[in-house]
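Keep the structure open beside you as you read.

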Amino acid sequence: MTHVPNPRPTGDFRTSYAGDRTLFATRFETNAVIAGVLFVLVSPFLFSDYILSQFIIIGIYGIAALGLNVLTGMTGQISLGHGAFFGFGAFASAWFSSRGIPVLLSMPMAGVLTMAVGMVFGIPAARLKGLYLAIATLASQYILEDFFARADWFTGGTSGSLAETANLFGFQFDSDGRYLYLVLFWVIVSFVGVANLARTRDGRALVAVRDHYLSAEIMGINLTHYRILSFGLASFFAGLAGALYGHYLGFVSAEGFTIILSIEFLAIIIIGGLGSVSGSLLGAAFILLLPQAMETFANALATLVPAISQGTAYIKQMSVGAAIILFLVLEPEGLVHRWRLMRANWKLFPFSH
Amino acid sequence: MNSELLIQLLVNGVIVGMLYGIVAMCFVLIYKSTQVVNFAQGEFVVMGAWVCLSMVVSMGLPFWLAFLFTLAFMTAFGVVVQIILLRPLVGEPVISVIMATIGLSTFMRALMNWIFGNSAVRFPDVFSQSVVSIAGLNVETAYVLSLVLSVAVMGMFFLFFRYSRWGLAMRATAYSQQISQSLGIPIGRVFAMAWAISAVVSGIAGVVIGLVNAVSNSLSFIGIKVFPAVIVGGLDSVIGAVVGGLTIGLLENLAEFVDGQYLHIGNMYSVAPFYVLLVILMIKPYGLFGTPNIERV
């Protein structure tokens, strides 16, 4: 790991425990977050529906990836079944709302139900780690996929189920611009929640489990408890994001929640940076925009080499695989690390340290 | 009780199980000697099948020549993957390595979809006789070939590890990388060799499955079925891989039989192995033949 110089300005020492635990380390970070939120708030008046839909999907994937980051980045447990939990949340919310529960309420309820399911599947995680856990979660992915196709009462079976649009006191979240606000609300809640979690007793316990679980156990941290807790949290965010996704599309069908989706979530957190809260959003944006950039690129190339034109769909898929590999080999710490390096260079220019 | 169907399914189970066993052996080989979990094993299988098929169909080569070419190609492929992808990741955490092979599998799947298409293609008739009669039972030649090849591959594995110099080097590396390195075993070459052998044998399995069924990208499901097999047998046991493969193959077909005859739930064939996997992980995480990983502080 290369050394990254501390880019905080000279004289900015943390002199109190409260200062060490602030949510945003510098004023720049605070401002950047506020500017980002304001930008999204005004974007419905500026951009086309297409761009807004991209923002929505980035937000939704960001929430799901954030959950996986709690599990993988903070606790060091790998999950190959995140996509299935995402799907479970989508079905659960559609099912709740079809029972007459208001959509806005059914979304967090779907999150909680997914959390319960995730904790059941997380029980093996209490005993397993690393590779064995990856295989166990792979099994849960296939078992849940099978459940989606089979449980007609819950998911509508192979035909899928309809998800109503959300409304709040008669205000319908039916257009992209309106739905974006709903997604933004949950993005803020979950990201602030996880950023906070990292500063609490429980969050530090999770990180301790990741860094050295034996030492953590000797220090009195209950491994079983925290591993299942992090599984539950990850599933909660997956379920919540899935619910948002289902009500955004208006229709939920089992085909969308395969192992490929789980792999995409893992790619997001690897590219964004393991354990980095803001990296989850960056990674989501990267993974969603990369295939589109590749498509544009391939189309441009196809005018020169016509043979490429049938391959655009495959180039998009290949780019995801290639991105995972390249990031792991060349930049294992993700986009966030790259950003820190850039910031350090900018601050320290023209000196390297 | 439909005994004829049961026998048919059991025979299927043994044949498919042998193939699972072979691929699981490849998986275990890589895991044991390089501590890497190869999530792209299924794609290796498919790649072998496609390469051999396209040699036969588009180049018009005779089958045995195409088969030899496939072996050479897969050897080179295994070495290249190891050098380009996995050598930079030596010493990285398990998660990174798992993700790298998952990335490889995504990449390879899309690439093969692009090059070879999405549809299933049958091998042209390779054998002069499509059915042979053994002890009064009519068995397809491809099935016989697949059994013979499976047993041959397993025998070669045994001989290689038991008697050859490189086999000994690989066993030493599996036992302790540090000690064998200090005794002058070229670890890098051992790693590359493990990947090469694994890729070749997966390729053979792919060709065999291609002969029995047809070649398509969905054959990569074997790479997923390998996981229940190796967990049942134990992740670091070559014999366990074979036993696990056979168990899963038989279990699938039994599940299919019980389901089709009595339960009528549907789709048990593909899901039953994963329930078994979870149960085994809960009660005996190191499988039947695996070495328990005892950690000392």
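Ile34(A), Leu38(A), Leu41(A), Val42(A), Phe45(A) and Leu46(A) make up a nonpolar patch on the surface of this predicted model, and together they have about 600 Å² of accessible area. Accessible areas come from the Shrake-Rupley method with a 1.4 Å probe, and for residues only the protein chains shown count as cover.

Look at Val42(A), which lies in helix 2 (residues 27-46) of chain A; helices are DSSP runs of H or I with at least four residues, strands are E runs of at least two, and both are numbered from the N terminus. Val42(A) counts as partly exposed because its relative accessibility is 39%: buried means under 20%, exposed over 50%, and partly exposed in between.

Now go inside. The largest nonpolar core has 194 residues, and Tyr61(A) and Phe86(A) have the most contacts inside it. Such a core is a set of buried Ala, Val, Leu, Ile, Met, Phe, Trp, Tyr and Cys residues joined through side-chain atoms within 4.5 Å. Phe86(A) touches residues including Tyr61(A), Ala238(A) and Phe265(A), where contact means heavy atoms within 4.5 Å.

Overall, chain A has 15 helices and 4 strands, and 52% of its 353 residues are buried.

Residues are numbered from 1 along each chain as its sequence is written, and chains are lettered from A and ligands numbered from 1 in the order in which they are written. In this predicted model, local features need pLDDT of at least 70, side-chain atom pairs count only at pLDDT 80 or more, and totals for chains, interfaces and linings use all residues, while side-chain values use heavy atoms, leaving out hydrogens and water.

Key. Patches are made of residues with over 30% relative accessible area and no salt bridge: like charges are joined within 9 Å, nonpolar side chains (Val, Leu, Ile, Met, Phe, Trp, Tyr) within 5 Å. A salt bridge is a side-chain nitrogen of Lys or Arg within 4 Å of a carboxyl oxygen of Asp or Glu. Buried means under 20% relative accessible area, exposed over 50%, partly exposed in between (1.4 Å probe, protein chains only). Lists of a residue's contacts leave out its neighbours within four places in sequence.
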